[in-house]
Amino acid sequence: MPTESPASAGRPGAPGPSGISGGPGTSGPSGAFGAGDPFGTPSTGFESGNGTASGTGADTGTDADTARAIDLLGRVSFGRLATSMRAMPFVAPARHIVTDGGVVLRIHRGFGYHRACNGSVVAYGADSFDRGGRSVWSVQFIGTARIVCPTDEELLLFGAEPEQADGEPFEPVFMRVEPQFVTLHTLEYREEQPNGHAA
(Lines give C-alpha, C1' and ligand atoms only; values in the text may rest on other atoms or scores of the structure.)
Protein backbone atom coordinates (compact mmCIF):
# COMPACT_ATOMS: atom_id res chain seq x y z
CA MET A 1 0.00 0.00 0.00
CA PRO A 2 1.29 3.51 -0.67
CA THR A 3 2.24 5.72 2.22
CA GLU A 4 0.64 9.10 2.74
CA SER A 5 2.00 11.40 5.38
CA PRO A 6 1.60 15.12 6.12
CA ALA A 7 4.77 17.15 5.79
CA SER A 8 5.92 19.32 8.66
CA ALA A 9 4.25 22.73 8.76
CA GLY A 10 5.78 26.15 9.31
CA ARG A 11 8.47 26.13 6.65
CA PRO A 12 9.28 29.54 5.17
CA GLY A 13 7.66 30.30 1.84
CA ALA A 14 10.85 31.60 0.24
CA PRO A 15 14.03 29.96 1.52
CA GLY A 16 17.24 31.90 1.89
CA PRO A 17 20.68 30.94 0.61
CA SER A 18 21.23 28.38 3.36
CA GLY A 19 19.69 24.96 3.66
CA ILE A 20 19.50 24.26 -0.06
CA SER A 21 19.79 20.63 -1.09
CA GLY A 22 18.81 18.35 -3.91
CA GLY A 23 19.03 19.09 -7.61
CA PRO A 24 20.35 16.83 -10.34
CA GLY A 25 22.60 14.06 -9.15
CA THR A 26 22.34 14.97 -5.49
CA SER A 27 20.67 13.41 -2.52
CA GLY A 28 18.86 14.73 0.50
CA PRO A 29 18.97 13.38 4.06
CA SER A 30 21.56 10.69 4.53
CA GLY A 31 20.89 7.28 5.95
CA ALA A 32 17.37 6.93 4.54
CA PHE A 33 18.27 4.30 1.98
CA GLY A 34 20.21 1.08 1.83
CA ALA A 35 23.67 0.98 0.32
CA GLY A 36 24.41 -0.41 -3.10
CA ASP A 37 21.35 0.98 -4.92
CA PRO A 38 22.43 3.64 -7.44
CA PHE A 39 18.97 5.24 -7.38
CA GLY A 40 18.66 5.25 -3.61
CA THR A 41 15.45 3.20 -3.72
CA PRO A 42 14.27 2.56 -0.17
CA SER A 43 14.27 -0.91 1.27
CA THR A 44 10.63 -1.98 1.46
CA GLY A 45 10.85 -5.01 3.70
CA PHE A 46 8.64 -7.01 1.32
CA GLU A 47 9.53 -9.87 -0.98
CA SER A 48 8.69 -8.74 -4.51
CA GLY A 49 8.06 -10.68 -7.67
CA ASN A 50 8.32 -9.57 -11.27
CA GLY A 51 6.65 -6.16 -11.48
CA THR A 52 5.12 -6.35 -8.00
CA ALA A 53 4.29 -3.04 -6.37
CA SER A 54 5.45 -2.50 -2.81
CA GLY A 55 5.10 0.31 -0.31
CA THR A 56 7.57 1.93 2.03
CA GLY A 57 7.67 -0.87 4.60
CA ALA A 58 6.63 -0.79 8.22
CA ASP A 59 7.15 2.92 8.83
CA THR A 60 3.69 4.09 7.78
CA GLY A 61 2.57 7.71 7.96
CA THR A 62 5.73 9.15 9.49
CA ASP A 63 7.95 12.12 8.79
CA ALA A 64 10.61 9.60 7.73
CA ASP A 65 8.37 8.47 4.86
CA THR A 66 8.00 12.05 3.68
CA ALA A 67 11.76 12.59 3.92
CA ARG A 68 12.33 9.44 1.85
CA ALA A 69 9.98 10.58 -0.88
CA ILE A 70 11.34 14.13 -1.00
CA ASP A 71 14.89 12.78 -1.11
CA LEU A 72 14.03 10.64 -4.12
CA LEU A 73 12.38 13.60 -5.79
CA GLY A 74 15.64 15.50 -5.44
CA ARG A 75 17.44 12.84 -7.49
CA VAL A 76 15.61 13.59 -10.73
CA SER A 77 15.20 16.87 -12.60
CA PHE A 78 11.76 16.81 -14.21
CA GLY A 79 8.23 15.88 -13.27
CA ARG A 80 4.59 16.60 -14.01
CA LEU A 81 2.41 19.30 -12.48
CA ALA A 82 -1.33 18.65 -12.29
CA THR A 83 -4.28 20.83 -11.33
CA SER A 84 -7.36 22.25 -13.05
CA MET A 85 -7.97 25.40 -15.06
CA ARG A 86 -11.51 26.55 -15.91
CA ALA A 87 -12.77 23.30 -14.38
CA MET A 88 -10.65 21.23 -16.81
CA PRO A 89 -7.75 19.10 -15.51
CA PHE A 90 -4.31 19.46 -17.05
CA VAL A 91 -0.82 18.03 -16.66
CA ALA A 92 2.25 20.12 -17.50
CA PRO A 93 5.97 19.30 -17.56
CA ALA A 94 8.12 21.12 -15.03
CA ARG A 95 11.73 21.33 -13.93
CA HIS A 96 12.11 21.10 -10.15
CA ILE A 97 14.60 21.36 -7.34
CA VAL A 98 14.29 20.31 -3.71
CA THR A 99 15.16 23.02 -1.21
CA ASP A 100 14.60 23.21 2.55
CA GLY A 101 12.05 20.40 2.53
CA GLY A 102 9.93 22.02 -0.18
CA VAL A 103 9.97 21.91 -3.96
CA VAL A 104 10.45 24.82 -6.36
CA LEU A 105 9.12 24.37 -9.89
CA ARG A 106 10.12 26.14 -13.11
CA ILE A 107 7.62 26.20 -15.96
CA HIS A 108 7.07 28.29 -19.07
CA ARG A 109 5.07 31.45 -18.36
CA GLY A 110 3.53 31.24 -21.81
CA PHE A 111 1.60 28.11 -20.86
CA GLY A 112 -0.44 30.27 -18.48
CA TYR A 113 -0.70 27.41 -15.97
CA HIS A 114 0.93 29.41 -13.18
CA ARG A 115 -2.14 31.63 -12.96
CA ALA A 116 -4.35 28.64 -12.17
CA CYS A 117 -1.79 27.15 -9.77
CA ASN A 118 -0.92 30.21 -7.67
CA GLY A 119 -2.66 29.88 -4.33
CA SER A 120 -4.31 26.60 -5.36
CA VAL A 121 -3.80 22.98 -4.37
CA VAL A 122 -1.77 21.11 -6.97
CA ALA A 123 -0.31 17.65 -7.42
CA TYR A 124 3.26 17.05 -8.55
CA GLY A 125 4.82 13.75 -9.51
CA ALA A 126 8.15 12.40 -10.71
CA ASP A 127 9.65 8.96 -11.18
CA SER A 128 12.69 6.94 -12.19
CA PHE A 129 10.95 4.88 -14.87
CA ASP A 130 13.27 6.01 -17.66
CA ARG A 131 16.34 4.81 -15.77
CA GLY A 132 15.54 1.13 -15.95
CA GLY A 133 17.21 -1.21 -13.49
CA ARG A 134 15.57 -3.68 -11.11
CA SER A 135 14.05 -1.03 -8.84
CA VAL A 136 11.95 1.90 -10.01
CA TRP A 137 9.93 4.38 -7.98
CA SER A 138 7.25 7.03 -8.35
CA VAL A 139 6.62 9.96 -5.99
CA GLN A 140 3.53 12.16 -5.92
CA PHE A 141 2.69 14.92 -3.48
CA ILE A 142 -0.12 17.39 -2.95
CA GLY A 143 0.35 20.94 -1.69
CA THR A 144 -0.44 24.61 -2.25
CA ALA A 145 1.56 26.38 -4.95
CA ARG A 146 2.83 29.94 -4.57
CA ILE A 147 4.66 32.02 -7.18
CA VAL A 148 8.10 32.94 -5.83
CA CYS A 149 11.26 34.72 -6.85
CA PRO A 150 14.10 32.17 -6.60
CA THR A 151 17.39 32.95 -4.90
CA ASP A 152 20.66 33.03 -6.84
CA GLU A 153 21.58 29.67 -5.33
CA GLU A 154 18.30 28.15 -6.46
CA LEU A 155 18.79 29.48 -9.98
CA LEU A 156 22.17 27.74 -10.08
CA LEU A 157 20.53 24.47 -9.08
CA PHE A 158 17.98 24.81 -11.87
CA GLY A 159 20.74 25.14 -14.46
CA ALA A 160 20.29 26.25 -18.05
CA GLU A 161 16.84 27.20 -19.31
CA PRO A 162 15.33 25.84 -22.51
CA GLU A 163 15.62 28.13 -25.51
CA GLN A 164 12.03 27.57 -26.64
CA ALA A 165 8.74 26.16 -25.41
CA ASP A 166 6.21 25.17 -28.08
CA GLY A 167 8.16 27.19 -30.62
CA GLU A 168 8.26 30.45 -28.67
CA PRO A 169 11.02 31.91 -26.45
CA PHE A 170 11.05 30.28 -23.04
CA GLU A 171 10.09 32.63 -20.21
CA PRO A 172 10.41 31.06 -16.76
CA VAL A 173 8.04 31.39 -13.86
CA PHE A 174 8.78 29.78 -10.49
CA MET A 175 6.43 28.29 -7.93
CA ARG A 176 7.15 26.82 -4.52
CA VAL A 177 5.07 23.92 -3.24
CA GLU A 178 5.19 22.69 0.34
CA PRO A 179 4.29 18.96 0.22
CA GLN A 180 1.35 18.15 2.48
CA PHE A 181 0.45 14.57 1.50
CA VAL A 182 3.15 12.43 -0.07
CA THR A 183 2.77 9.06 -1.79
CA LEU A 184 5.67 6.80 -2.73
CA HIS A 185 5.32 3.69 -4.91
CA THR A 186 8.14 1.28 -5.72
CA LEU A 187 8.34 -1.54 -8.24
CA GLU A 188 10.84 -4.36 -7.78
CA TYR A 189 11.69 -6.63 -10.74
CA ARG A 190 13.56 -9.91 -10.77
CA GLU A 191 15.66 -8.76 -13.71
CA GLU A 192 16.97 -5.40 -14.84
CA GLN A 193 14.51 -3.54 -17.05
CA PRO A 194 15.32 -1.65 -20.25
CA ASN A 195 15.63 2.11 -19.77
CA GLY A 196 13.20 3.18 -22.46
CA HIS A 197 11.85 2.65 -25.95
CA ALA A 198 13.67 3.43 -29.16
CA ALA A 199 12.22 6.31 -31.16
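# Strands, cores and salt bridges in a predicted protein model

Strand 7 and strand 10 run antiparallel and are joined by 3 bridges; two strands count as paired if DSSP finds at least two bridges between them. In this pairing, R146 has R176 of strand 10 as its bridge partner. The model is predicted, so local features need pLDDT of at least 70 and side-chain atom pairs count only at pLDDT 80 or more, while totals for chains, interfaces and linings use all residues. Residues are numbered from 1 along each chain as its sequence is written, and side-chain values use heavy atoms, with hydrogens and water left out.

## Overall make-up

The protein has 3 helices and 11 strands. Helices (H or I, at least four residues) and strands (E, at least two) are DSSP runs, numbered from the N terminus. Read from the N terminus, their order is β-β-α-β-β-β-α-β-β-α-β-β-β-β.

Of the 199 residues in the protein, 43% are buried. Buried means under 20% relative accessible area, exposed means over 50%, and partly exposed lies in between (1.4 Å probe, protein chains only). The accessible surface comes to about 10400 Å², and carbon and sulfur atoms account for 52% of it. These areas come from the Shrake-Rupley method with a 1.4 Å probe; for residues, only the protein chains shown count as cover. Among contacts (heavy atoms within 4.5 Å) with a separation of 6 or more, 78% are between residues 24 or more positions apart.

## Strands 6 and 7

Which strands pair with strand 7 (residues 133–147) and strand 6? Strand 6 and strand 7 run antiparallel and are joined by 7 bridges. Within this pair, G125 stands opposite Q140 and V121 stands opposite T144. Strand 7 also pairs with strand 11 in the antiparallel sense, over 9 bridges; there S135 has E188 as its bridge partner. Strand 6 is joined to strand 3 (residues 78–85) by 3 bridges, again antiparallel, and L81 has Y124 of strand 6 as its partner.

Strand 6 (residues 121–127) is largely enclosed by the rest of the structure, because 6 of its 7 residues are buried. The loop between strand 6 and strand 7 holds D130, which is exposed at 56% relative accessible area. D130 and Q193 are 63 residues apart in sequence, and their C-alpha atoms are 9.7 Å apart in space.

In soluble globular proteins, nonpolar side chains tend to be buried together. A nonpolar core is here a set of buried Ala, Val, Leu, Ile, Met, Phe, Trp, Tyr and Cys residues joined through side-chain atoms within 4.5 Å. The largest core has 27 residues, and those that touch the most other members are L73, L81, L105, C117, Y124, V139 and F141. Elements that give two or more residues to this core include helix 1 (63–73), strand 4 (88–99), strand 5 (102–108) and helix 2 (113–117). Another core, of 5 residues, lies apart from it and includes V104, V148, F158 and F174.

Beyond its neighbours within four places in sequence, L105 is in contact with residues including L81, Y124, F158 and F174.

F181 is in strand 11 (residues 181–193) and counts as partly exposed at 45% relative accessibility.

## Salt bridges

Side chains of opposite charge can pair when their charged atoms come close. A salt bridge is a side-chain nitrogen of Lys or Arg within 4 Å of a carboxyl oxygen of Asp or Glu. By this rule the count is 4, and the table lists some of them.

| Pair | N to O distance |
|---|---|
| D71 and R75 | 2.7 Å |
| E171 and R109 | 3.3 Å |
| R176 and E178 | 2.6 Å |

D71 is buried at 2% relative accessibility, and R75 is buried at 17%. R176 and E178 are buried too.

E171 is partly exposed at 43% relative accessibility, and R109 is partly exposed at 34%. E171 lies in the loop between strand 9 (168–169) and strand 10, and R109 in the loop between strand 5 and helix 2, so the pair ties together parts that are 62 residues apart in sequence.
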